[in-house]
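Work through the exercises below with the structure in view. Try each task before reading its solution.

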Amino acid sequence: MIGFPMVRRVRNSARALLSAWAMLLGLAFVLSSQPALSQTAGAENYVSANVQRGLTILSNRSISEAQKGAEFRDFLTSLTDIRRIALFTLGAARRTAPPAQIDAFVDAFRNYATAVYQSRLKGFAGQYLKVVSGSQHGPDDYIVRTILVDPTGRTEQQGEPIEVDFRVDGADGHFLVIDVAIAGVWLALEERDQFTAFLEENNGNLNLLISHLNTLTQQLRGDGPNTPGRG
């Protein structure tokens, strides 16, 4: 078994996470004022206009897997505040680590996050994201709810469509995605818990966590032993 069992825990944690976030989003909607709704609409439009590009990249059969991975990495970096997310997942350890070590972690996290998102979304290539709703979670903080829709109608026939939610920071009118939930699991929150546990089990050795992330990235890409999903 490898590192962080995120994929295996999705089904078990999705229902509880969805219930908690449903309560929070309901409260945010009640408290939001009319001016905030226009900003919420801006966050919705930002997600609608940009995130589909990721699925389009993964659906492109005219390029190699390596090129597809590089393009998806560039896409993810442009859409998200990847450094902010990385520092969030590092938790308290970011306060004591030297700058060079922080930079090495951010780089390793960027590659790992790209591999995780690409792996989780690859199965939905060919589908498109439909914005369902948006609501304010806090000052300049918005949740945009989308669902994956299959143009052929297969998704609807197989059951409820997969929900993909985006947490969007809208400070100064400039939108950036700061977390993504797939099937109810917020990935940055999930990773922070797992990284914290890893550091606690390894005497706070951040270099070991960086090395572990690099190994997991190789496995998710299929270039390392014990690749997830291959036994």
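**Exercise 1.** What share of the contacts in the protein with a separation of 6 or more comes from residues 24 or more positions apart?

*Solution.* First, some ground rules. This is a predicted model, in which local features need pLDDT of at least 70 and side-chain atom pairs count only at pLDDT 80 or more, while totals for chains, interfaces and linings use all residues. Residues are numbered from 1 along each chain as its sequence is written, and side-chain values use heavy atoms, with hydrogens and water left out. Next, the term: a contact means heavy atoms within 4.5 Å. The share is 61%.

**Exercise 2.** List the elements of the protein from the N terminus on.

*Solution.* Helices (H or I, at least four residues) and strands (E, at least two) are DSSP runs, numbered from the N terminus. There are 9 helices and 5 strands. Their order is α-α-α-α-α-α-β-β-α-β-β-β-α-α.

**Exercise 3.** Which residues of helix H3 are buried, and where do they lie around its axis?

*Solution.* Buried means under 20% relative accessible area, exposed over 50%, and partly exposed in between (1.4 Å probe, protein chains only). In the protein, 46% of the 231 residues are buried. Helix H3 covers residues 52–59, and its buried residues are Gly54, Leu55, Ile57 and Leu58. Now look down the axis of H3. The buried residues fall within an arc of 155 degrees, so they line one face of the helix. That arc is taken from the directions from the helix axis to the C-beta atoms.

**Exercise 4.** Find the residues that touch the most other members of the largest nonpolar core.

*Solution.* A nonpolar core is a set of buried Ala, Val, Leu, Ile, Met, Phe, Trp, Tyr and Cys residues joined through side-chain atoms within 4.5 Å. The largest one has 48 residues, and Tyr46, Phe105, Phe109, Phe166, Val168 and Leu209 touch the most other members. Helix H6 (residues 99–121) gives the most to this core, with 9 residues. Now take Phe105. Beyond its neighbours within four places in sequence, its contacts include Ala86, Leu90, Phe195 and Leu213.

**Exercise 5.** Are the rings of Tyr112 and Phe195 stacked, tilted or edge-to-face?

*Solution.* Rings of Phe, Tyr and Trp (its six-membered ring) pair if their centres lie within 6.5 Å; planes under 30 degrees apart count as stacked, over 60 as edge-to-face and the rest as tilted. This rule gives 5 aromatic pairs. For Tyr112 and Phe195, the centres are 6.4 Å apart and the planes at 50 degrees, so the pair is tilted. Tyr112 sits in helix H6 and Phe195 in helix H8 (residues 187–201), 83 residues apart. Tyr112 is buried at 4% relative accessibility, and Phe195 is buried at 0%. Together with Phe105 and Phe109, they form one aromatic cluster.
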